[in-house]
Amino acid sequence: MLTLLKKRRSIRKYKNQEVETEKINQLLQGALLAPSSRSLDPWEFIVVTDKQLLQQLARAKQAGSSFLKQAPLAIVVLANPQVCDVWIEDTSIATILIQLVAESLGLGSCWIQIRERKHSEDMSSEEYVRRVLNIPEEMKVEAIVSIGYPAETKAPRREEELKYHKVFINGYPKPYDFQK
């Protein structure tokens, strides 16, 4: 699992190759297996493969979403906050599981944050995505995950780069000793 985590990088360039239905199904199964507080499962997912919709979603944010127009697949992660008070945490867990399953399948992915971001001066990214995909008002949009076959290569993270100084034992600020 650590090898998978080191290898997973944010991929923003994709080959012009569709993601097979079997792989989409596995991505969704991974999301549906995500743990959630009190097993309330407030999350829901919208699979987007339509090129026109992907083009529209690529304009969801003022910056940081344009690469979505090249992706063959996006999964929009949303939740009903009336179901669970920690829907943000629950959707975040599901989102990273989608990314880890994608990596395990040889796919690249990138998290596009939507909640608390701006589409324009007078519209939030969340409202924009809600309008594009006809999402009911009571639903909150956390993120969009772009997914596809990578058209770029990024080196895995190296163990030497890990911020070991941010780990403590039995309280703050006693550093944890990774050598024991």
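Predicted model: local features only at pLDDT ≥ 70, side-chain atom pairs only at ≥ 80, totals over all residues.
Local features rest on pLDDT of at least 70 and side-chain atom pairs on pLDDT 80 or more, while totals for chains, interfaces and linings use all residues. Residues are numbered from 1 along each chain as its sequence is written, and side-chain values use heavy atoms, with hydrogens and water left out.

Begin by selecting L57, L68, V76, V129, L133 and I144, the residues with the most contacts inside the largest nonpolar core, which has 25 residues. Such a core is a set of buried Ala, Val, Leu, Ile, Met, Phe, Trp, Tyr and Cys residues joined through side-chain atoms within 4.5 Å, where buried means under 20% relative accessible area (1.4 Å probe, protein chains only). At least two residues of this core come from each of α3 (51–57), β2 (73–79), β3 (108–113), α5 (125–133) and β6 (140–148); helices (H or I, at least four residues) and strands (E, at least two) are DSSP runs, numbered from the N terminus. The most is given by α5, with 4 residues. A second, separate core of 20 residues can be found by selecting A31, F45, V77 and V145, which are among its members.

Next, select α5 itself, which is largely enclosed by the rest of the structure because 8 of its 9 residues are buried. These are S125, E126, E127, Y128, V129, R130, V132 and L133, and they pack against β1 (43–48), α3, β2, β4 (118–120), β5 (123–124) and β6. After α5 comes N134, whose phi is positive, near 60°.

Now display α2 (residues 21–32) together with α4 (residues 87–104), whose axes come within 8 Å and cross at roughly 145°; axes are lines fitted to C-alpha atoms over the stretch in contact, with angles from 0 to 180 degrees between N-to-C directions. Q26, L27, G30 and A31 of α2 meet A94, L97, I98, V101 and A102 of α4.

Finally, select S109 in strand β3, which counts as buried because its relative accessibility is 2%. Its side chain makes a polar contact with the side chain of Q99 at 3.1 Å, the term denoting a pair of N or O atoms within 3.5 Å, in which, within protein, one must be able to donate a hydrogen and the other to accept it, and residues adjacent in sequence count only if both atoms are side-chain atoms. P150 lies 41 residues from S109 in sequence and 8.2 Å away in space, C-alpha to C-alpha.

Notes: Buried < 20%, exposed > 50% of the residue type's maximum accessible area, 1.4 Å probe, protein only. Contact = heavy atoms within 4.5 Å.
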